[in-house]
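Take a moment to look over the model below. Then follow the chain, one part after another.

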Amino acid sequence: MMKFAGYTLIASFTPTHSIILKHPRRFRFGLNLANSRNISADALKHRSNTKTLMVAGRYFPPLFSVAPMMEWTDHHYRTLARLISKHAWLYTEMLAAETIVYQEHDLDRFLAFSPEQHPIVLQIGGSNLENLAKATELANAYSYDEINFNCGCPSPRVAGHGCFGVRLMLDPKFVGEAMSVIAAKTNAPVSVKCRIGVDDHDSYNELCDFIYKVSSLSPTRHFIIHSRKALLNGISPADNRRVPPLKYEYFYGLLRDFPDLKFTINGGINSIDEVNAALLEGAHGVMVGRAAYNNPWQTLAYVDSAVYGVPSSGVTRRQVLKEYEVYGEAVLGIYGKKPTVRDVAKPLLGLFHSEPGNGLWKRRADAAFMHCTTMKSFFEETLDAIPDSVLDAPLAEAPSRSENPFANIRDVLPPPYKEREQEVLYA
């Protein structure tokens with residue numbers, strides 16, 4: 001049985017003081033909890049299963065998580081994400097074990113996070129067992145809810161240096177050893193994030209060999225599967241997210257062939273409808289990446305009610321921005337000249353995706369980044385671009401998508417995996 005972390009459920013981020021803007025109408029307060037949306041029919045179908053997995057004082061299981069994205073899922077973004085969704089699982093950017101070890105005397109800069117960000121997963125990468133052990137041990141003081149090992153990043157900066165990231169899928173015996181070392185140094189659950197294959201090593205049987213060897217050689221019981229293979233030669237990380245075809249049938253084959261393990265699906269999932277469709281088809285969890293960053297309101301704002309089946313908070317974007325302003329003012333310049341207003345405001349740029357005024361808002365933001373030194377002044381110069389009707393609108397019903405990428409997936413599953421002989425552990 002998969003172990004879930006046991007921390008107290010988070011409370012909402014509460015401003016420590018009030019900031020009055022030049023145009024006070026831009027920020028009107030008072031959470032309207034009456035504006036709860038109805039729980040979707042999809043949520044009702046798996047809501048009971050969710051509740052059985054949650055006990056007093058523990059988080060909901062990771063039915064929905066935000067993917068680790070280098071230079072994106074930093075502390076600022078995670079703060080915004082938590083203001084919008086109280087129950088989504090958040091991942092850090094990948095941190096190299098060497099970075100953690102070499103920065104032992106400045107760890108807060110890399111590992112610290114506010115308590116509101118629970119449940120949160122630390123993703124580490126590396127190929128040196130000693131450093132992986134030491135990095136995990138150093139991270140214990142920060143009480144992450146899970147430690148995840150990166151075996152999926154195709155970036156040349158990762159896969160091409162020190163032979164870690166997705167290249168490690170070619171050495172499952174080492175990954176098993178690494179996961180054993182990591183698990184021995186923490187009381188938190190451990191997991192692996194990987195692709196379905198690498199270059200020509202892309203058969204379903206090879207993927208199963210990887211999963212079987214790693215789970216047999218270590219305590220790993222949770223795998224996050226990006227349902228594309230990685231191409232390491234002559235293709236960019238961006239192209240690796242769209243050129244190799246999605247093979248969801250591989251993921252659902254793993255559910256069939258490894259019933260004692262937990263699997264989270266990742267790759268190409270862009271809406272709450274698709275999240276629920278994957279869960280209803282049997283996925284233990286769904287991980288969403290760029291969609292949760294580029295359009296956080298239309299993804300994260302629906303997670304609590306439509307995925308976890310709890311009443312919506314009724315929070316508006318105006319209220320989110322007000323609380324985020326308080327956070328931003330508190331962290332500006334805490335590391336000398338960093339972070340800047342640009343750094344703190346970066347995650348906000350997708351908040352009004354496809355809404356009236358979005359283009360003007362982004363242009364004003366670009367101009368404001370050149371001279372604004374406070375979040376207060378940044379909002380004063382930019383938010384008039386967004387109509388009050390958008391800032392104050394309660395969350396609408398989640399838009400419905402007609403296509404279900406998982407429809408009939410059971411009809412195209414690969415043949416069952418059978419090669420579980422003991423010798424594969426030592427191949």
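Which handedness does the β-α-β unit of β6, helix α8 and β7 have? The unit is right-handed, and its helix α8 covers residues 204–217. Right-handed has a set meaning here: with the strands pointing away from the viewer, the path from the first strand over the helix to the second runs clockwise. The names of the elements also follow a rule. Helices (H or I, at least four residues) and strands (E, at least two) are DSSP runs, numbered from the N terminus.

Before going further, a word on the model. It is predicted, so local features need pLDDT of at least 70 and side-chain atom pairs count only at pLDDT 80 or more, while totals for chains, interfaces and linings use all residues. Residues are numbered from 1 along each chain as its sequence is written, and side-chain values use heavy atoms, with hydrogens and water left out.

Now the whole chain. Its secondary structure comes to 19 helices and 9 strands. There are 427 residues, and 55% of them are buried. Buried means under 20% relative accessible area, exposed means over 50%, and partly exposed lies in between (1.4 Å probe, protein chains only). The accessible surface comes to about 18,000 Å², and 52% of that belongs to carbon and sulfur atoms. These areas come from the Shrake-Rupley method with a 1.4 Å probe; for residues, only the protein chains shown count as cover. Next, contacts, meaning heavy atoms within 4.5 Å. Take those between residues at least 6 apart in sequence: 78% join residues at least 24 apart.

Go to the strands. Two strands pair if DSSP finds at least two bridges between them. Start at β4, residues 120–125, which runs parallel to β5 and is joined to it by 4 bridges. Q123 has N148 in β5 as its bridge partner. Between these two strands the chain passes through helix α5 (residues 129–139), and this β-α-β crossover is right-handed.

Stay with β5, residues 146–151. Of its 6 residues, 6 are buried. E146, N148 and N150 point one way, while I147, F149 and C151 point the other.

From β6, move to β7. These two strands pair in the parallel sense over 4 bridges. R195 stands opposite H226 in β7. I224 has T264 in β8 as its bridge partner.

Now a helix. α15 has 15 residues and reaches 21 Å from its first C-alpha to its last. That is close to the 21 Å expected at 1.5 Å a residue, where the expected span is 1.5 Å times one less than the number of residues. Because 13 of its 15 residues are buried, α15 is largely enclosed by the rest of the structure. G333 follows α15 and has a positive phi, near 70°.

Turn to the backbone. Most residues other than glycine have a negative phi, and most peptide bonds are trans. Here are some exceptions. The bond from H118 to P119 is cis, with omega near -5°; P119 sits in the loop between α4 (108–111) and β4. The bond from K338 to P339 is cis too, with omega near -10°. P339 is in the loop between α15 (317–331) and α16 (341–345).

S354 is not a glycine, yet its phi is positive, near 65°. It lies in the loop between α16 and α17 (358–368), and S354 is exposed at 64% relative accessibility. N408 is not a glycine either, and has a positive phi of about 65°. Its place is in the segment after α19 (388–391), where N408 is exposed at 58%.

End at P405, also in the segment after α19. P405 is partly exposed, at 34%. Leaving aside neighbours within four places in sequence, P405 is in contact with Y248 and E274. P405 and G268 are 137 residues apart in sequence, but 9.4 Å apart in space, C-alpha to C-alpha.
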